[in-house]
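Let us read a few features together, one question at a time.

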Amino acid sequence: MARPNDAMSACSRDDEKPVSRRVLDDAIAWQLQLDGMAAGHPERTAHKAWLAAHPDHARAWRQLAQIDAELGALPRQAPIRHVLARSRRRAGWKEAAGTFVLALAVGLGTLLIDRHQPIGGLLADYRTGTGERRTVTLPDNTVIVLNSRSAVDVDFGADRRAVRLREGEIHIETAHGDPAERRPFIVLTADGSLRALGTRFIVRRDDGGTLLTVTESAVLARSAVCPAEPEAACAAEQRVDAGQRLHLTADAVGAVLPARADAEAWKEGMLVVDGEPLAAVAAELARYRPGLLWVAPDAADLRVTGTLPLDDGERALAVLAASLPVRVVRYGGWLVSIEAAPAR
């Protein structure tokens, strides 16, 4: 497959900005078209004109070069390398694998973009990219802090104040300044609704459901099987008071448990862990890194206790390597593997 030239392969910080799917598709099409083409071919002149037509064109081309480099840096045993090798051994690689290569490139390009800015939140009212936190003050003076890779929509109407958490994690401190405010404040997720009872709380949404942690006053949690309107009675609801947490799914509310004392630590850029498996700690750190962070099976169950910085991923990895029998291995600039250190 044609590779962008070396002069364009060094990615600046500006190259980390995502490009549109259309531009990325065009760049991939140029890669396929230029594959094996002689240096003086007219299409190469047309390609140079395309690169110069808009900064996003050159940026997409350099991002594809980075993907190519990362694939080349993967260890030989990596599954994706095996897939590519098997495909190349098939007869008629150029003809039969064209669709495969295009799908692979689009998938990798989308993954690269998503690791910087989650695609699912691009159209949200407020969002954060990887490693970013953002504080938003709503019209009623409620303050929301969005954690890394989070997205919310705001819908204030005549009957209620609603915030929909699309993905990620938010900390909410509802306003108390207007005694005439009678509209309920509700956080909505795919799993249900959370009605604030004059409070401060945290809501986190992932594939496993919604986690509610209350740090002040109380919240009424309702599964999605219940209507969000507070006036309607529903059996699948649970009051969660300060110092408590609850896991919510679309068809059930979980048990009320004690809240973690460090639940708000991420607002200060810290991750506090006490005996957590390394795999879980790495999964949390990965939310703040644009690349991929992987833990080898032989190190996944090692226990971690301490405080790690969320805003300095390299220092967090250095702390793990210094405190555990592991080594940090980098494959290019995008994939980092935490592996058990070899026996001495």
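This is a predicted model: local features need pLDDT of at least 70, side-chain atom pairs count only at pLDDT 80 or more; totals for chains, interfaces and linings use all residues.

Q: Where is His171 found?
A: Look up the secondary structure. His171 sits in strand β5, residues 161-173.

Q: Does His171 count as buried or exposed?
A: Buried means under 20% relative accessible area. His171 has 2% relative accessibility, so this residue counts as buried.

Q: What joins the side chains of His171 and Glu264?
A: Check the N and O atoms. A polar contact of 2.7 Å links the two side chains.

Q: How many residues apart in sequence are Gly275 and Val304, and how many Å apart in space?
A: Compare the two separations. Gly275 and Val304 are 29 residues apart in sequence. Their C-alpha atoms are 5.0 Å apart. Gly275 lies in strand β15, residues 270-277. Beyond four places in sequence, Gly275 touches Arg303, Val304 and Thr305. At 28% relative accessibility, Gly275 counts as partly exposed.

Q: Which residues of helix α8 are buried?
A: Helix α8 spans residues 313-323, and Ala316, Leu317 and Leu320 are buried there. They cover an arc of only 100° around the axis, which puts them on the same side of α8.

Q: What covers the buried residues of α8?
A: Look for the elements in contact with them. The cover includes α7 (278-286) and β16 (292-295). It also includes β17 (303-309), β18 (326-331) and β19 (335-340).

Notes: Residues are numbered from 1 along each chain as its sequence is written. Side-chain values use heavy atoms; hydrogens and water are left out. Buried means under 20% relative accessible area, exposed over 50%, partly exposed in between (1.4 Å probe, protein chains only). Helices (H or I, at least four residues) and strands (E, at least two) are DSSP runs, numbered from the N terminus. The arc is that of the directions from the helix axis to the C-beta atoms. Contact means heavy atoms within 4.5 Å. A polar contact is a pair of N or O atoms within 3.5 Å; within protein, one must be able to donate a hydrogen and the other to accept it, and residues adjacent in sequence count only if both atoms are side-chain atoms.
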